[in-house]
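Please review the structure shown below together with this briefing. The points are grouped by topic for quick reference.

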Amino acid sequence: MSASNANGSAARLALITGGLGGLGTEICRQLAQAGCRVIAADLPASDARLAGFREACATFGDAIGYAALDVSDHEACATLVGRLEREHGGVDILVNAAGITRDASLRKMTPAQWHELMRVNLDGVFNTSQAVVEGMTRRGFGRIVNISSVNGQTGQFGQTNYSAAKAGVHGFTMALARETARKGVTVNTVSPGYCDTPMVAAVPAEIRAQIVAGIPVGRLGQPADIARAVRFLAADDAGYLTGVNLPVNGGYFMSF
Ligand code: CAA
């Protein structure tokens, strides 16, 4: 475990929800690379999934740990953060990368598909952020990075639930950024485009091919493309960047 960061101060503790996922694993790796101690929080995982994660993170030794967490459970989020505060002194960086899809056109979408997604993709951001914000403001330092999506900016066929939640995530970011700005706590959004992850691999091949054809850079994003944006916003010297949405989508959606 690295005891200090590049500036020689105590290593920041970073909590990454969805930490075992397609983007989450790479975010854990890049923050460890930046000198953080990292806790990957994710649903209870099979031995095989955990072994795969540990292998992907082997270079970083025990700088990257794992904690079981269901982000839709408000009390569980508070309990985990309380434990991390006792054991490590507090969470300095929170990356909300836990997310699911429940794609269906609105006319076919069940209330369960709507609510399951909202509980993870939007309630989850509330639950974890509320758990860390008190400690961060008290200590005068914090970085919260919420993973949204290009589909929150553009809307996507079959994703009224996902697009609504992801647009909501950035509204949450901007509101919380105002609440914490004077306390050394920044809150930002990263909006990935279509990336080379299991979530995107699950999109029907024909639709995926059409999407890739519309990406100016000409390829899916790599998890590393997203993780480097998170790392940038999570850095100690990124204190003047707050309430920002940073799109990382290969030019798929351009706007002011
Ligand atoms: N665009 C336009 N029209 C579409 C369409 C699309 N993507 N998909 C289906 N349709 C049309 C069909 O051609 C059909 O038209 P007709 O009725 O005229 O024949 C009609 O809509 C069918 O509608 P259904 O409600 O029956 O749709 P379905 O059940 O066949 O499929 C779906 C709906 C499952 C959502 C499917 O469109 C789909 O999988 N879309 C991809 C959704 C997607 O991109 N998800 C992204 C997941 S990855 C992610 O979210 C990560 C990230 O952040 C970027």
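The model is predicted. Its largest pocket holds about 1,200 Å³ of space, and strand β5 (residues 142-147) is largely enclosed by the rest of the structure, because six of its six residues are buried.

**The largest pocket**

- The lining of the largest pocket consists of 50 residues. Nearest the centre of this pocket lie G99, I100, T101, Y162 and M199.
- By residue class, the lining divides into 26 nonpolar, 16 polar and eight charged residues.
- At least two lining residues are supplied by each of several elements, namely α1 (22-33), β2 (37-42), α4 (111-121), α6 (150-154), α7 (160-180), α8 (198-201) and α9 (205-213).
- Helix α1 provides the largest share of the lining, with four residues.

**Strand β5 and its neighbours**

- The side chains of β5 divide by direction: G142, I144 and N146 point one way, whereas R143, V145 and I147 point the other way. Residues on both sides are buried.
- Strand β4 (residues 93-96) runs parallel to β5 and is joined to it by four bridges.

**V230 in helix α10**

- Residue V230 belongs to helix α10 (residues 223-234).
- V230 counts as buried because its relative accessible area is 0%, and the cut-off for buried is under 20%.
- Leaving aside residues up to four places away in sequence, V230 touches I27, V95, V145, I147 and V190. Of these contacts, V145 and I147 are residues of β5 that point the same way from the strand.
- The C-alpha atoms of V230 and L69 are 21 Å apart in space, and the two residues are 161 residues apart in sequence.

- Residue S148 is located in the loop between β5 and α6.
- S148 is classed as buried because its relative accessibility is 4%, against a cut-off of under 20%.
- The side chain of S148 reaches the backbone oxygen of K166 at a distance of 2.8 Å.
- Beyond residues up to four places away in sequence, S148 touches K166, V169, T189, V190, S191 and P192. V190 is also among the residues touched by V230.

Definitions and conventions
Residues are numbered from 1 along each chain as its sequence is written. This is a predicted model: local features need pLDDT of at least 70, side-chain atom pairs count only at pLDDT 80 or more; totals for chains, interfaces and linings use all residues. Side-chain values use heavy atoms; hydrogens and water are left out. On a 1 Å grid over the protein atoms alone, a cavity is a set of points where a 1.4 Å probe fits but cannot get out, and a pocket is an open set with protein on both sides within 12 Å along at least five of seven lines; lining residues have an atom within 4 Å of a point. Grid points are joined across faces, edges and corners, and a volume is the space filled by probe spheres set on the points. Ala, Val, Leu, Ile, Met, Phe, Trp, Tyr, Cys and Pro count as nonpolar, Asp, Glu, Lys and Arg as charged, and the others, Gly among them, as polar. Buried means under 20% relative accessible area, exposed over 50%, partly exposed in between (1.4 Å probe, protein chains only). Contact means heavy atoms within 4.5 Å. Two strands pair if DSSP finds at least two bridges between them. A polar contact is a pair of N or O atoms within 3.5 Å; within protein, one must be able to donate a hydrogen and the other to accept it, and residues adjacent in sequence count only if both atoms are side-chain atoms.
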